[in-house]
Amino acid sequence: MIEIGEYGRTWLLSGPTSSYSLRLTDLDELLHLHWGPRITLADAESLAALPGPPYRPFESRLDGREEYPVEGGPRFVRPALSVRTQERRGTEWRFEAYEAEGDELWLRFADDGLGIALHYRMRGDVVERWVTLANEGPSLELLRADSATWTLPERDGWRLSQLHGRWAAESRLARSPLTYGEKVIGSRRGHTGHQHLPWVALDSGASEESGEVYGCALGWSGSWRICVAQLPDARVQISGGAGYDDSGLLRLEPGESFTTPVFAGLWSDGGFGAASRTWHAYQRAYVIPDADQDRPVLFNSWEATHFDISEERQRELARRAAEMGVELFVVDDGWFGARTSDRAGLGDWTPNPDRFPQGLKPLADDVHALGMQFGIWVEPEMVNPDSELYRAHPDWVQFQPGRTRTEFRNQLVLNLARPDVQEYLWEQLDGLLSSAPIDYVKWDFNRCFTDAGWPGEPYPQKLWVEHVEALYGLLDRLRAEHPGVAFESCSGGGGRIDLGVMARTDQVWTSDNTDPLDRLAIQHGFSQIHPAQIMAAWVTDSPNAQLNGRISSLRFRFVSAMAGVLGVGGDLADWSEAELVEARKWVDLYKEIRPVVQRGDLYRLRPPEGGLSAVQYVRGDETVVLALLQAQHHGEPVAPLRLRGLDPSAAYECRETGEVHRGAVLLHHGLRTGLRGDFDAAVIRLRRM
């Protein structure tokens, strides 16, 4: 709901429990009024009538109060918008008009031919914000164009939550007191990055179950920056957008425009748990494609075969996977070109004639005959120097003239900002998806930008933005032409997870680390912002030869992976008959609980900090608890779990024991008798009677 003040200079957006308000002064200064509990328009007008801060030498009365601070004028905070022309730098805008339609509000400003539109949209209790910049004047340079600046109310002792990490250890939750100055996170790598997810949350004493939480998440899959600043008067502002620094985003010629990515924010008074559930519901309703459909159980061939791929071995793996109850069989890296190692073949997206002499269709047909869907792995944005593509078009990669072309994993990054590269990839991928009955594409991105040059281009730094826009355009075009194909976003694990790529893919590869114990912390952090429905998790071999050699039971591996979209990635040819039989039971159980896990409300009952960790999912009358015991000393009792999100007046029957519990129960079953020793796990199901 959008309400507008009597003079058209106060605006109020309201969701089910929260409101967001701003106003325009007589001097065309756009000020923030309120973000928090739901208020009335009269409340907003009263806030607008309050006097401003007193005059203080060496300070600006606008700093910390402006809705979208621009560079120039009486301001000293970090600007959200920085513009440079041949004559000058900065912005001196004037208000032109507003428009309100449905759940969206536009505020339009202008400055010497540059049109600036601030967009607001309320979706549930999530506020989406973005900016459109349209140039009708002389050529100008966008040095910085953030999507939004968020202003928080005055509180004592703000605490900052963020998700940090590295390859194979992504999405680690860290909380620390916010101090004066700026805290900056982001990526200068050309993709979202393993080091930080583009999300922050602030609180001043919240717990998992209670207290105010403010959260912000950016929908951009390239380089990005979020800055959390505590100003000298203790006010806090959060700004964020595409690009890491202020060296230049784009040059806008007359008639050109740029629309920033969405920077979404929410307020919750139900603690971190309620904030997460609001984020999850928002993504299922407005971001994730086909969110009303459960994601299939998949098998991926990578850890079973690596590059040693043969059509016959894939058929054998597919047969075993089908017997296990798998619904989607994915052939990973090694099926195309001269791809017998990571040294060759990237860019040549045709089946290897020695391995697949008749193409992919015979294998895909056999997989379909087994009752499974068929998927493949691709890495379209990359090229090996040892490839037919690179030999034909060495100028298609990002590079700096006169400098060594850095190679990671023996590959270079294609300059996707080039229209000819975009068209080549479209022809290759469209042809591939048309050549065989392919149902699923795992889209990988295995190296960062390093030598991001574009020789001959007058404004080469634009490739940082235009590469991402071209990626989005290519995915959108492929989805439109092949609507039955699902896509997974991967980047060496969790290197490209954000609201932007999630709007175009069906799930994401959370981490290359498939160790079930390591995954608990990764999945705990991931759940702070993203839902289980997109979180791919695999059961792989034990010992974990890929990373740490840790031994874990098949039971522990399955229950850990069942917290998201279940997959299997082990070498099934080496699994014993007993393991295959047990695995079939776990897959069958997952299919029973899948609608609750993937589309239910998530409650984090116990964090993975040693001892017992547990998550709970609630959907309608069904409840599922996944409990994992990391270690237990001899004779040490396991503390009971108090369930969340249930009706305290209702009775719930435990499927495992037949016991009847009341809502908000302390649950002992499976913890008292079913878990003992190290690395054990239990699945507990309850249904409202």
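Colleague: What covers the buried residues of helix H1?

Modeller: Strand E1 (2-4), strand E2 (10-14), strand E3 (18-24) and strand E4 (30-37) are included in that cover. Covering rests on contact, which means heavy atoms within 4.5 Å. Helices (H or I, at least four residues) and strands (E, at least two) are DSSP runs, numbered from the N terminus. The model is predicted, so local features need pLDDT of at least 70 and side-chain atom pairs count only at pLDDT 80 or more, while totals for chains, interfaces and linings use all residues. Residues are numbered from 1 along each chain as its sequence is written, and side-chain values use heavy atoms, with hydrogens and water left out.

Colleague: Which residues of H1 are buried, and what makes them one side of the helix?

Modeller: In H1 (residues 41-49), the buried residues are Leu41, Ala44 and Ala48. Buried means under 20% relative accessible area, exposed over 50%, and partly exposed in between (1.4 Å probe, protein chains only). The three cover an arc of only 55° around the axis, so they sit on the same side of H1. The arc is taken from the directions that lead from the helix axis to the C-beta atoms. An α-helix has 3.6 residues a turn, so residues three or four places apart point the same way. Exposed Ala42 and Ala49 are on the face of H1 turned away from its buried side.

Colleague: How do you know that the span of helix H2 is close to the expected one?

Modeller: H2 (residues 271-286) has 16 residues and reaches 23 Å from its first C-alpha to its last, against 22 Å expected at 1.5 Å a residue. The expected span is 1.5 Å times one less than the number of residues.

Colleague: Why is H2 called mostly covered?

Modeller: Twelve of its 16 residues are buried. Among them are Phe272, Trp279, His280 and Tyr282.

Colleague: Why are Cys448 and Cys490 called buried?

Modeller: Cys448 has 17% relative accessibility, so it counts as buried. Cys490, at 2%, therefore counts as buried too.

Colleague: What makes strand E30 mostly covered?

Modeller: Five of the five residues in E30 (residues 535-539) are buried. Met535, Ala537 and Val539 point one way, and Ala536 and Trp538 the other way. In a regular strand the side chains alternate between the two faces of the sheet.

Colleague: How do you know that E30 pairs with strand E29 and is joined to strand E31?

Modeller: Two strands pair if DSSP finds at least two bridges between them. E29 (residues 507-509) and E30 have two bridges and pair in the parallel sense. Trp509 has Ala536 of E30 as its bridge partner. From E29 the chain passes through helix H10 (residues 516-526) to E30, a right-handed β-α-β crossover. Right-handed means that, with the strands pointing away from the viewer, the path from the first strand over the helix to the second runs clockwise. Between E30 and E31 (residues 565-568) there are four bridges, and the two strands run parallel. Trp538 has Gly567 of E31 as its bridge partner. The chain goes from E30 through helix H11 (residues 554-561) to E31, and this β-α-β crossover is right-handed.

Colleague: What kind of peptide bond joins Ser542 and Pro543?

Modeller: The bond is cis, with omega about 0°. Pro543 belongs to the loop between E30 and H11.

Colleague: Why is Ser171 called buried, and what does Ser171 touch?

Modeller: Its relative accessible area is 1%, so Ser171 is buried. Ser171 is in the loop between strand E12 (159-164) and strand E13 (172-177). Not counting residues up to four places away in sequence, Ser171 touches several residues, including Leu163, Leu197, Ile522 and Phe526.

Colleague: Why is Ala234 called partly exposed, and what is its phi?

Modeller: Ala234 has 23% relative accessibility, so it counts as partly exposed. Its phi is near 80°, a positive value in a residue other than glycine. Ala234 is found in the loop between strand E17 (224-230) and strand E18 (236-242).
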